[in-house]
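Subject: Structure handover

Hi,

Here is the structure for you to open. My notes on it follow below.

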Amino acid sequence: MTDTVAVADWQAWQRSWDRQQEWYLPDREERFRVMLDAVEAVVGPEPRILDLACGTGSISDRALRRFPGATSTGVDLDPALLTIARGHFAAEPRAEFVTADLRDPGWTGRLPHRGYDAVLTATALHWLRSDELRVLYGQIAGVVREGGVFLNADHMPDPATPRLNAADHAFRKERQARAQAQGAQDWAQWWQAAARDEVLAGPVAERFTIFGNPANGDHADGETQSVAWHAEALREGGFGEARAVWCSPSDAMVLGLK
């Protein structure tokens with residue numbers, strides 16, 4: 001009789017993460033498409049990509065499928081999401097992953113390359129306070145090569161449109177309630193399921209120590225800013241041009257061109 005070794009289905013966990021994210025962001029694939037269109041338009045079809053705050057590697061997954069000549073470095077601090085990413089891309093030599101805290105002034109020193117054609121991130125940097133994000137934008141400008149591009153798709157509400165914001169918020173909540181009634185998982189439920197998994201339980205416990213348990217709220221320090229704020233911060237950080245290239249009523253994607 002032999003011992004049974006637990007083996008995770010990393011592709012299943014990747015799909016599960018995507019479904020959970022799509023509960024919040026039904027236009028998630030559209031923003032990925034626009035993001036990669038911009039990458040191809042600015043730096044061509046064989047980019048060296050830095051997938052910033054990569055999570056499970058959702059951006060890398062789509063970029064490497066679209067661009068056979070691309071390579072990607074994913075960087076994140078979350079041990080559970082990085083465990084899924086490393087498992088999902090275990091057989092993909094074009095992808096590598098680095099553990100680093102973007103609030104650490106020396107995080108860029110952990111990267112395997114000094115410069116990247118494209119630095120991409122989505123639905124992640126709202127975890128940071130505004131002063132931290134300004135600093136990070138300057139650091140990113142030092143990583144993007146001349147002529148390269150940075151894209152950030154995230155929550156960027158416009159405070160000048162409070163009635164529209166309220167209507168969109170109510171609409172999204174109603175849509176989410178319908179999806180949840182049909183079995184969709186929200187953020188906290190997904191993490192509860194991950195914590196019960198035999199293989200992921202350890203990394204999830206470590207993750208809870210770093211960020212807190214989602215059941216208790218774990219976005220307390222983050223702040224959101226408008227598109228105009230992001231574009232200004234990117235220009236101040238060292239990008240020659242910056243503006244929105246996609247938006248919805250509550251989210252947007254800003255592009256910085258070095």
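Where is the place of D78? D78 sits in the loop between β2 (71-76) and α4 (79-88). Helices (H or I, at least four residues) and strands (E, at least two) are DSSP runs, numbered from the N terminus.

Before the rest, some ground rules. This is a predicted model, in which local features need pLDDT of at least 70 and side-chain atom pairs count only at pLDDT 80 or more, while totals for chains, interfaces and linings use all residues. Residues are numbered from 1 along each chain as its sequence is written, and side-chain values use heavy atoms, with hydrogens and water left out.

**Overall**

The chain has nine helices and seven strands. Its radius of gyration is 18 Å, in agreement with the value near 18 Å for a compact globule of 258 residues. That radius is taken over C-alpha atoms, and the globule rule is 2.2 Å times the number of residues to the power 0.38. Along the principal axes, the C-alpha atoms fill a box of roughly 65 × 45 × 30 Å.

Of the 258 residues, 48% are buried. Buried means under 20% relative accessible area, exposed over 50%, and partly exposed in between (1.4 Å probe, protein chains only). The chain exposes about 12,300 Å², and carbon and sulfur atoms supply 51% of that area. Areas come from the Shrake-Rupley method with a 1.4 Å probe; for residues, only the protein chains shown count as cover.

Take the contacts between residues at least 6 apart in sequence: 73% join residues at least 24 apart. Contact means heavy atoms within 4.5 Å.

D78 is buried, at 4% relative accessible area. A polar atom of the D78 side chain lies 2.9 Å from the backbone nitrogen of A80. Beyond its neighbours within four places in sequence, D78 contacts W191, R207 and F211.

V204 lies in helix α8 (residues 201-211). V204 is buried because its relative accessibility is 1%. Leaving out neighbours within four places in sequence, V204 is in contact with A80, W191, A194 and A195. V204 and W191 are 13 residues apart in sequence, and their C-alpha atoms are 7.8 Å apart in space.

**Salt bridges**

Side chains of opposite charge can pair when their charged atoms come close. How many salt bridges does the structure hold? There are 18. A salt bridge is a side-chain nitrogen of Lys or Arg within 4 Å of a carboxyl oxygen of Asp or Glu.

- E29 and R62: their side chains meet in a salt bridge at 2.7 Å, N to O. The pair links distant parts of the chain, with E29 in helix α2 (residues 28-43) and R62 in helix α3 (residues 58-66), 33 residues apart. E29 is partly exposed at 37%, whereas R62 is buried at 10%.
- E40 and R66: the closest N and O atoms of this salt bridge are 2.7 Å apart. Here too distant parts of the chain are linked: E40 is in helix α2 and R66 in helix α3, 26 residues apart. E40 is partly exposed at 34%, and R66 is partly exposed at 32%.
- E92 and R94: the closest N and O atoms of this salt bridge are 3.0 Å apart. R94 is partly exposed, at 22%.

A network of salt bridges links D18, R28, E29 and R62.

Best wishes

Note on methods:
Polar contact = N/O pair within 3.5 Å; in protein donor to acceptor, adjacent residues only side chain to side chain.
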